[in-house]
Amino acid sequence: MELLERIKLNAKKYNKRIVLPESLEERTLRAADEIIAEGLAQVILTANSEEVYREAKNLGLKHIDQAVILDPAKHAKREQYADLMVELRKSKGMTKDEAIRLLENPLYLATLMIKAGDADGEVAGAMNATGDVLRPAFQYVKTLPGISVVSGAFLMILPDKKWGENGLMVFADCAVHPNPTASELAEIAVSTARTTKSIAEMEPRVALLSFSTKGSAKHEMVDKVVQATELAKKMAPEFQIDGELQADAAIVESIGRKKCPDSPIAGRANVLVFPTLETGNIAYKLVQRLANAEAVGPVLQGMAAPINDLSRGCSVSDIVNLVAITANQAAGNY
Ligand code: ACO
């Protein structure tokens, strides 16, 4: 069975509550309708219900009446969520008035619903920039124990099946953290190995990439990757992790064998961890375009609850797919 089919089948089984805070946005509303029709998740929308129903009618949608709809301007848990915000951010000077004001923003409301246990996950970003989606998540949901940085992985589905595991590879960080330190890069490698195992359902063989293979170049940027590799191996000895490797040594069997014959993964990596966001973001987009790969994600990893960010150019099916992935993460698979 194809990866996305498997993810959707699992999502149906989990029946999680997923908030779509960009509730009046056309692609989001169409996706909500499809998600409900397919039974992929319970949909929560955060907007005025009359406006939602009017828009759904205009678009000819048939299932939106089955969504839970919460109006950010007036809902029963405003006070409770505001108190929670004040409690969680009192060291940053959060006041109740400020919290009430922020809760009118559906992105904050969605995050607080998750924090309060009233929703299991969130997908947004069809009309908001990454930073605006992530900031409330960083501030209120925060990271998993042992992880200090959130990062974004892409499941890269390549038409050429010789790469990775039958054409499936995982790339990270392609979406979030611009310039990780060595220890943050180690966390990103471990988070990506976990995502690979739980969402891509394959045994990760993780390569930390650089412009050097096992000391072939000397530079402080190489040192960072060497150090990150050592830290990642210590953090998660259960995974096969190696670095620093150049991309060809990581994925081309003959080159991996020649340049580092003792490496457990060289030439066979199915997970590529990039040293900076710049490299990761450029690499995934180039592979997507030049190799005709399907790039599914970014799947955000390291957050204490699943919140995923869409690209503003996303399609309805991108939103549906990411909701299914979020539902899988909400079931503890991350
Ligand atoms: N993981 C966890 N927490 C984080 C992270 C992270 N990666 N980054 C910031 N934080 C926390 C901070 O600790 C801080 O918490 P605090 O308020 O409790 O102290 C809070 O988030 C805000 O921190 P700032 O440093 O002010 O972060 P800022 O909001 O400026 O930036 C952001 C965060 C927006 C994610 C920034 O790192 C960014 O712009 N990243 C690039 C995103 C992007 O443009 N990606 C490419 C496009 S996506 C695509 O192509 C698929």
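1. A residue counts as exposed when its relative accessible area is over 50%. In this predicted model, K234 has a relative accessibility of 65%, so K234 is classed as exposed. K234 belongs to helix α9.

2. The largest pocket has a volume of about 530 Å³. Its lining comprises 23 residues, and L209, A247, F274, T279 and A283 are the closest to the pocket centre. At least two lining residues come from each of β6 (168-172), α9 (220-235), α10 (247-251) and α12 (277-290).

3. How does the lining of the largest pocket divide into nonpolar, polar and charged residues? There are 17 nonpolar residues, four polar ones and two charged ones.

4. The second largest pocket holds about 380 Å³ of space. Of the 19 residues in its lining, Q288, A295, G297, S311 and D318 lie nearest the centre. Helix α12, strand β10 (294-301) and helix α13 (316-330) each contribute at least two lining residues. The largest share, five residues, is supplied by β10.

5. By class, the second largest pocket is lined by eight nonpolar, seven polar and four charged residues. As for its place in the domain layout, this pocket lies between domain 1 (3-142 + 305-330) and domain 2 (151-295), because both domains give residues to its lining.

6. The largest nonpolar core contains 63 residues, of which L20, I35, L45, L155 and L208 touch the most other members. Helix α13 provides the largest share of this core, with eight residues. Domain 1 (3-142 + 305-330) and domain 2 (151-295) both contribute to this core, so the core lies between them.

7. Which residues does L45 touch, leaving aside those up to four places away in sequence? The contacts are L20, S23, L29, A32, V52, I64, A67, V68, I69 and L70.

8. There is also a second, separate core, made up of 28 residues. Among its members are A82, L103, A119 and M303.

9. Helix α12 supplies at least two residues to the lining of the largest pocket and at least two to that of the second largest pocket.

How values were computed. Residues are numbered from 1 along each chain as its sequence is written. This is a predicted model: local features need pLDDT of at least 70, side-chain atom pairs count only at pLDDT 80 or more; totals for chains, interfaces and linings use all residues. Side-chain values use heavy atoms; hydrogens and water are left out. On a 1 Å grid over the protein atoms alone, a cavity is a set of points where a 1.4 Å probe fits but cannot get out, and a pocket is an open set with protein on both sides within 12 Å along at least five of seven lines; lining residues have an atom within 4 Å of a point. Grid points are joined across faces, edges and corners, and a volume is the space filled by probe spheres set on the points. Helices (H or I, at least four residues) and strands (E, at least two) are DSSP runs, numbered from the N terminus. Ala, Val, Leu, Ile, Met, Phe, Trp, Tyr, Cys and Pro count as nonpolar, Asp, Glu, Lys and Arg as charged, and the others, Gly among them, as polar. Domain bounds come from an automatic or database domain assignment. A nonpolar core is a set of buried Ala, Val, Leu, Ile, Met, Phe, Trp, Tyr and Cys residues joined through side-chain atoms within 4.5 Å. Buried means under 20% relative accessible area, exposed over 50%, partly exposed in between (1.4 Å probe, protein chains only). Contact means heavy atoms within 4.5 Å.
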